[in-house]
Amino acid sequence: MPENKQQLNTLLNSPLHVINVGLEEFAQNLKDRGVSVVHVDWSPPAGGNPKLAALLAKLSE
Amino acid sequence: MEKIESANQEALRRMLAGDPVLVDVIPASEAIPDLREHMILHAGPPIEWASMCGPMRGAVAGIAVFEGWAPDLDVAADMAAAGEFEFHPNHRFDSVGPMTGMTTMNQPVMVVENRTFDNRAFCTMNEGLGKVMRFGGNDAEVLDRLRWLRDSLGPSMGRALRALDGIPLKGLVGRGLAMGDEMHQRNVGCSGLILRAVAPALAETSSETGALVDALSFIGGNDQFFLNIAMAMGKAITDPVIGIEGSSVVTAMSRNGTDFGIRVSGTGDTWFVAPVEMPDGLYFPGFTEADANPDMGDSTIVETVGLGGFAMGAAPAVAGFVGVGAASEAANFTRTMSQITVGENPEWTIPAMDYMGVPTGIDIRLVVETGLAPTINTGIAHKDPGVGQVGAGVVRAPMACFEQALVAFAETMGVS
C-alpha cells in the first residue's frame, strides 16, 4: 500500500479534529454532530472588495 | 504607513488629553453668534426639507412655532416647504443635538469647555422621555416644556454652573461607567452625580422656592438628563482632533433620519454619507417596527469618544433594554469595538472587564478591513411627525460611509 494512501486511511479512521475558518455555520453543524471543532472568525479584508483591499494594503506599506 | 500611525496616535492623544468641563447654560444665540432668525440647526449631515423624515419635519414645524416664526404647525410646514428656513448641521457650529437635534436662537444650550484645548461645544437641554421635540413631538405640551427650559431651568442652571466655576466631566464619566452607565441609552448614574454636584449651587443662586423645586424635580426625574451633557462633552473632545494630516480617525458620526454621515480627521469637514439604517430593538407597548423611523441624531458623538455601544460592557442592563441579548453578552460588544479603534482610554475603564479602558479612536482603515461597523445604542422615533419615542435599540453605522471615506483619505495620502 502506498504510504500516502495509508496516511489517508489512518486519517479517515481516526476521530476528527477540525479547524473551521470563516463561515461559523459549518463549525456549528459539525459541533451538532459531536465533532471537535475550533472556529476561527475570519473574513477576507474589506469584505473581498479588491479595490478597497488594495488601498488598505498600500496604506499599510 | 508610519505617517498614518503617528497621526492616529496624535489623534488619540488629543482625545485622551481633553479636559471637558460643563461651565454654563446660555441662549443659543449667545453661544453661536452666527445663529439668525429663520435659521435652524439639525442633527446629522446636511439635509433640506424635501428629504427630511417625518419626525425631523415635525420638529422643524414645532421649533418654528416656538421661535414665533409661524403662528401654527401647518403654516410652519408651508414656510419650510417654501424655503423660508435656512438649514445647517449642528456640527458646523460647534454644536450637537439628540435625535432631530433642533437648535435655534432662543433655546438654552449647555456649554462644555475643553480646558486643554480652549474650545467650547454646545448642546440643548434634555427634555425627558416620551413626547418630546427630539423625537419629533411638537404639541402644546412639548412647546410649553421648551419655554420652561428657556425661561426657568436654563437660566437657573447657568447661574449655578457659573457659581461653581463649572463641573469637571472626565472623572464624573469614569464614575458613571462604574455605576452601569454607557452614556447613551443609560445615564442614570451620571444624571444623579450631576444633580448631586449642582443642587447646592442651584439652591444658593435661586430666589424662588417654586422654581427651585421644579428644577430639582425635573433633573432628578429624568434618567437621560446627562445624555445631552455627554454629547456636548463628546463634541468638545473631538473638535481638537479635526484636521490632523494623515489621520484616519473618525471625528464625527451623525444621522438625520435619512442619511448617516461620518467625518475623518485627515479629510477635515467633508461628510461621507450613506442611507441610514433601521435600528434593531425593542418597542414600547402598542408599537412595532412598522411604526419606526430610521436612525437619527448627533448622539453618536458619544460612540465617537468610546462611550455608548463601545462601552456596552459597563452597562449590562442596556443590553436587555435595547434587545441585543443577555446581559452577559454586553462585554462582547466592547471587545469587538476594540478591534476597530486606535487604543483604550485609561481614565474611562470598565470594572467588570478587569478595568479595560473604553475603545477609543475609530480608525476607518480597521472598520473597512474587518467589516466591523461601529455599534450604536439608540432611541427609536415614530416615523410620523409629532408622536415621539416608540422604542430603543442598536444600529450599525453603514459600511458605505467608511468605504467612501477610505477612498477619499487615500487620495489625501497620494494613494489610489
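**Helix packing and chain contacts in a predicted model**

Helix α3 of chain B passes α5(B) in a right-handed crossing (left-handed if the near helix is turned anticlockwise from the far one by less than a right angle, right-handed if clockwise). The model is predicted: local features need pLDDT of at least 70, side-chain atom pairs count only at pLDDT 80 or more, and totals for chains, interfaces and linings use all residues. Residues are numbered from 1 along each chain as its sequence is written, chains are lettered from A and ligands numbered from 1 in written order, and side-chain values use heavy atoms, without hydrogens or water.

α3(B) spans residues 54-66 and α5(B) residues 140-164. Helices are DSSP runs (H or I, at least four residues), as are strands (E, at least two), numbered from the N terminus. The axes of α3(B) and α5(B) come within 10 Å and cross at roughly 55°. Axes are lines fitted to C-alpha atoms, for helices over the stretch in contact, and angles run from 0 to 180 degrees between N-to-C directions. α3(B) and α5(B) are therefore oblique to each other (under 35 degrees is roughly parallel, over 145 roughly antiparallel, 65 to 115 roughly perpendicular, the rest oblique). G62(B), I63(B), V65(B) and F66(B) of α3(B) contact L143(B), L146(B), R147(B) and R150(B) of α5(B) (heavy atoms within 4.5 Å). These residues comprise five nonpolar, one polar and two charged. Ala, Val, Leu, Ile, Met, Phe, Trp, Tyr, Cys and Pro count as nonpolar, Asp, Glu, Lys and Arg as charged, and the others, Gly among them, as polar.

Helix α7(B) (residues 188-205) packs with α6(B) (residues 170-178) at about 135°, with axes 8 Å apart. That angle makes α6(B) oblique to α7(B). The crossing is right-handed. L172(B), V173(B), R175(B) and G176(B) of α6(B) meet C190(B), L193(B), I194(B) and R196(B) of α7(B).

α7(B) also packs with α9(B) (residues 225-238), at about 90° and with axes 8 Å apart. This makes α7(B) roughly perpendicular to α9(B). C190(B), S191(B) and I194(B) of α7(B) contact F225(B), F226(B) and I229(B) of α9(B). Five of these residues are nonpolar, one is polar and none is charged.

Between the chains, 13 residues of chain A contact 14 of chain B. About 1,100 Å² is buried, 69% of it on carbon and sulfur atoms (accessible area, 1.4 Å probe, lost on being put together, summed over both parts). Zero salt bridges link chain A and chain B (a side-chain nitrogen of Lys or Arg within 4 Å of a carboxyl oxygen of Asp or Glu). R13(B) and E10(B) form a salt bridge at 3.0 Å, N to O.

Note on methods: Buried area = accessible area lost by both parts, 1.4 Å probe.
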